[in-house]
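Subject: Structure handover

Hello,

I am passing on the structure we talked about, followed by notes on what was found in it. Please have the model open while you read.

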Amino acid sequence: MSFVQVSFVQAAFGRFKQTVTAYAGDAPLMRAAVSACANVIVADGEVAGAEFEAALKGMLADPILEKGYDSLMLEEELYDAIGRARTRAGRRQNLHFIEALAERPAEQRQSVFLIAADVADFEGISSSEHRALTEVAAALGLDRDTLLS
């Protein structure tokens, strides 16, 4: 096999694997997304229904999450993550879920960050939400400012 044929086979296998993972549900990706959103939602001390809806909409726009999880499953996971985010230990646990994606492709890590950023930007990003986004970006190994620009 030539290099081109090997690359083509590898690319096809990668797409197949991503599709299978999407339909089977990617639990670490889902937990990271809900945890990032929860830490941002709770950062300013209040949980707004519009932020919750923005988080769900953002997660359902992700092709892997949309295929692997329905709205009710994501709602339940987000409620749990928000419950954790109300305490320091819970926010730390959420960060552990986010850090679990540190070795994933940049596209998946960026998607998690950008979903959380859209939630934070619902009514403008407050200073406490900026701090939460900084923690999320660091946990994912991303540059917050580059992604927010």
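The protein has nine helices and zero strands; helices (H or I, at least four residues) and strands (E, at least two) are DSSP runs, numbered from the N terminus. Read from the N terminus, the order of elements is α-α-α-α-α-α-α-α-α.

This is a predicted model, in which local features need pLDDT of at least 70 and side-chain atom pairs count only at pLDDT 80 or more, while totals for chains, interfaces and linings use all residues. Residues are numbered from 1 along each chain as its sequence is written, and side-chain values use heavy atoms, with hydrogens and water left out.

The whole chain

Of the 149 residues, 37% count as buried, where buried means under 20% relative accessible area, exposed over 50%, and partly exposed in between (1.4 Å probe, protein chains only). Among contacts with a separation of 6 or more, 72% are between residues 24 or more positions apart. Contact here means heavy atoms within 4.5 Å.

Two packed helices are described by the angle between their axes and the distance between the axes. Axes are lines fitted to C-alpha atoms, for helices over the stretch in contact, and angles run from 0 to 180 degrees between N-to-C directions.

The axes of helix 2 and helix 5 (residues 71–85) come within 8 Å and cross at roughly 50°. Helix 2 and helix 5 are therefore oblique to each other. The classes are these: angles under 35 degrees count as roughly parallel, over 145 as roughly antiparallel, 65 to 115 as roughly perpendicular, and the rest as oblique. The crossing of helix 2 past helix 5 is right-handed; a crossing is right-handed if the near helix is turned clockwise from the far one by less than a right angle, and left-handed if anticlockwise. On the helix 2 side the contact includes Met-30, Val-34 and Ala-38, and on the helix 5 side it includes Leu-74, Glu-77 and Ala-81. By class, this contact of helix 2 with helix 5 has eleven nonpolar, two polar and two charged residues. For these classes, Ala, Val, Leu, Ile, Met, Phe, Trp, Tyr, Cys and Pro count as nonpolar, Asp, Glu, Lys and Arg as charged, and the others, Gly among them, as polar.

Helix 2 also packs with helix 7, at an angle of about 30° and with the axes 9 Å apart. Helix 2 and helix 7 are therefore roughly parallel to each other, and helix 2 passes helix 7 in a right-handed crossing. The residues in contact include Ala-33, Ala-36 and Val-40 of helix 2, with Gln-108, Val-112 and Ala-116 among those of helix 7. The contact of helix 2 with helix 7 has twelve nonpolar, one polar and no charged residues.

Two residues at these contacts

Ala-33 lies in helix 2 and is buried, with a relative accessible area of 0%. Beyond its neighbours within four places in sequence, Ala-33 is in contact with Met-59, Leu-65 and Val-112. Its C-alpha atom is 8.4 Å from that of Ser-111, which is 78 residues away along the chain.

Glu-77 belongs to helix 5. Is Glu-77 buried or partly exposed? Glu-77 is partly exposed, with a relative accessible area of 26%. Neighbours within four places aside, Glu-77 is in contact with Met-30 and Val-34. The C-alpha atoms of Glu-77 and Ala-33, 44 residues apart along the chain, are separated by 9.8 Å.

Helix 3 with helix 5

Helix 3 and helix 5 pack at an angle of about 130°, with their axes 10 Å apart. That makes helix 3 oblique to helix 5, and the crossing is right-handed. Phe-52, Ala-55 and Met-59 are among the contact residues of helix 3, and Leu-78, Tyr-79 and Ile-82 among those of helix 5.

Helices 7 and 8

The buried residues of helix 7 include Arg-109, Phe-113 and Ile-115. Helix 2, helix 3, helix 4 (63–68), helix 8 and helix 9 are among the elements that cover them.

In helix 8, the buried residues include Ser-128, Glu-129 and Leu-133. Their cover includes helix 2, helix 3, helix 6 (88–99), helix 7 and helix 9. Helix 8 is followed by Gly-141, whose phi is positive, near 70°.

Regards
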